[in-house]
Amino acid sequence: MKKFQKYIFPLVFLILIGLSYLFDFATGEKIGLNFWMFFKEMILFLPLMFILIGLFDVWVPRERIEKHIGLESGWKGTGLVILLATLQAGPLYGAFPFAYILWRKGCSIRNVFIYLGAFSAIKVPMLAFEIGFLGLKFSILRTLITLPIFIFIGYLMEWYLKDKDFEVTQ
Amino acid sequence: MFLRLLPTLILMLALVSIVLYLIPEEKLAQYMGEGSGISSWATAALFGSVALIPGFIAYPLCGILINSGVAYSVIAVFITTLMMTGFLTLPVEAKFFGWKVSVIRNLISLAAALLIGLTMGFFL
């Protein structure tokens, strides 16, 4: 029963959207259009993310992760994790599963959160978009200001979670 | 992993679609447009924090807002919270990091966004 419960809301939502289209209910149609836009993004990026995660899981050995972005990796590790995050694309919730695999393979807490920060705030594929709509000066300034701030967040989370048996779960 | 996440993701996307319908662009521009006073900052941070909106939707939206006279510093707060904090996506995030850590991460990111906005306002 409990397993079934979590499907109720999505199902009701989809049925309502369907009915809106059937009866030309404008509010429902607009919400449906928004939903379709987000859904397309999810369907486009999430499977890619999971393929990436799968390949990463098989190809990159734990020792290498531990050595390069693990606990004692220092600034080089931070740089590496930022590079990894900024080259990826997609919504932040797509980064959560990747953060899980990084953590499981021995990436440090600090670098996990720096990864999330970089993934959400600075993405190379999105930079062209930002420059186009908001200008070069805005983009450069925002990137330069944001970078140290989420590195600091990484340190802050590490400091906070250090003695707390923190785990990333699946 | 993907299929297990799917109901939560659909729930989240449904909520985001409803919120986006309830707050159209004109409303956003109207609320954020009044110079760069406290109220426009609060609006930007609040609306930005609710949902996680991907760049290719967020940037065009910000372009529209800039053209309707919203200050760059307010836009910086809006875009940072749009991308870094998502209270509607908390159920998804909590599946990976637990509720407490997810809430903390979102709150810290919100504070960071305000700091970023302040600094941007200083330069632009």
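**The A–B contact and the fold of chain A**

Mentor: In this predicted model, where local features need pLDDT of at least 70, side-chain atom pairs count only at pLDDT 80 or more, and totals for chains, interfaces and linings use all residues, the contact takes 44 residues from chain B and 45 residues from chain A. Residues are numbered from 1 along each chain as its sequence is written, and chains are lettered from A and ligands numbered from 1 in the order in which they are written.

Trainee: What makes two residues count as in contact?

Mentor: Their C-beta atoms, placed from the backbone, must lie within 7 Å. On the side of chain B that touches chain A, H1(B) gives the most, with 12 residues.

Trainee: How do you know which residues on that side of chain B are nonpolar?

Mentor: Ala, Val, Leu, Ile, Met, Phe, Trp, Tyr, Cys and Pro count as nonpolar, Asp, Glu, Lys and Arg as charged, and the others, Gly among them, as polar; by that division the side of chain B holds 35 nonpolar, seven polar and two charged residues.

Trainee: How many helices and strands does chain A have?

Mentor: Counting DSSP runs (helices H or I, at least four residues; strands E, at least two), chain A has eight helices and zero strands.
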